[in-house]
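Reader: Can you walk me through this model? Keep it quick, please.
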Amino acid sequence: MTLSGTLVKQITIMSDGDVFHEIFRYRPHHISEMSPDKIKGVDLHEGEWGTVGSVIEWNFFHDGKPKVAKEMIEAIDEEKKSVCFKVIGGDILEAYKTFLITVHVDTHGEENVVTWTFHYEKLNENIPEPDSLMEFCLHVTKDIETHHLPQAN
């Protein structure tokens, strides 16, 4: 049994893909306003928002518990509209030796596809796949989309 894995999920959003990318690159600290039941706060620990090498800390509510993830922005690709975060501290590393999270947006006019990719290595074979964390990210994506859709009168 292999301890390393990759999990990829896509979700279509109707809100602006460029705005979505910009939020994850430059304004992740605004996500707590868009998804307040899941994201409790995002703080900058080192560097500047939206720059490779910056360290940010996410306080979130997942699987019925408050959790923390400290992440370093490992890569940004403006052309592909992707941001890669390397988890360097917090609750996720209690189960995983390494954990990389990439959020990527394909923009196609009115419809945009958000792709979440997890690359990970479990600490042991009894650790489950990170499916519930992926579902969490997909729900946050929908919350961000809902926040940015024009409100019906």
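Author: One cut-off first: a residue is buried when its relative accessible area is under 20%, exposed when over 50%, and partly exposed in between. And the model is predicted.

Reader: Fine. Is Lys-81 buried or exposed, then?
Author: Lys-81 has 18% relative accessibility, so it counts as buried.

Reader: Where is Lys-81 in the fold?
Author: Lys-81 is in the loop between β4 and β5, and β5 covers 82-90.

Reader: What is phi of Lys-81?
Author: Near 55 degrees, which is positive in a residue other than glycine. Most residues other than glycine have a negative phi. Asp-63 also has a positive phi, near 55 degrees. Asp-63 is in the loop between β3 and β4.

Reader: Back up. How many helices and strands are in the chain?
Author: Three helices and seven strands. From the N terminus the order is β-α-α-β-β-β-β-β-β-α. The radius of gyration is 15 Å, close to the 15 Å that the globule rule gives for 153 residues, so the chain is as compact as a globular protein of that length.

Reader: And what box do the C-alpha atoms fill?
Author: Roughly 50 × 35 × 30 Å along the principal axes.

Reader: How much of the chain is buried?
Author: Buried residues are 44% of the 153. The accessible surface is about 8100 Å², and carbon and sulfur atoms account for 50% of that.

Reader: New topic. How many cavities of 30 Å³ or more turn up?
Author: One, from a search of the whole structure.

Reader: Which element gives the most?
Author: α3, with four residues.

Reader: How does the cavity lining divide by class?
Author: There are 13 nonpolar residues, no polar ones and one charged.

Reader: Now the largest pocket. What volume does it have?
Author: About 290 Å³. It is lined by 15 residues, and His-62, Lys-67, Ile-92, Ala-95 and Tyr-96 lie nearest its centre. β3 and α3 each give two or more residues to the pocket lining.

Reader: And how does the pocket lining split by class?
Author: Eight nonpolar, two polar and five charged.

Reader: Switching to loops. Where is Ser-15?
Author: In the loop between β1 (4-13) and α1 (17-26). With 6% relative accessibility, Ser-15 counts as buried.

Reader: What does Ser-15 touch?
Author: Leaving out residues up to four places away in sequence, Ser-15 touches Asn-112, Glu-145, His-148 and Leu-149.

Reader: Last one. Is Asn-126 buried or exposed?
Author: Asn-126 is exposed, with a relative accessible area of 68%. Asn-126 is in the loop between β7 (111-122) and α3.

Reader: How far is Asn-126 from Val-87?
Author: Their C-alpha atoms are separated by 20 Å, and the two are 39 residues apart along the chain.

Technical notes: Residues numbered from 1 in each chain as written. Predicted model: local features only at pLDDT ≥ 70, side-chain atom pairs only at ≥ 80, totals over all residues. Heavy atoms only, no water. 1 Å grid on protein atoms, 1.4 Å probe; cavity = no way out; pocket = protein on both sides within 12 Å on 5 of 7 lines; lining within 4 Å. Points joined across faces, edges and corners; volume = space filled by probe spheres on them. Nonpolar A, V, L, I, M, F, W, Y, C, P; charged D, E, K, R; others polar. Buried < 20%, exposed > 50% of the residue type's maximum accessible area, 1.4 Å probe, protein only. Contact = heavy atoms within 4.5 Å. Rg over C-alpha atoms; globule rule 2.2 N^0.38 Å. Areas by Shrake-Rupley, 256 points an atom, 1.4 Å probe, with all protein chains shown as cover.
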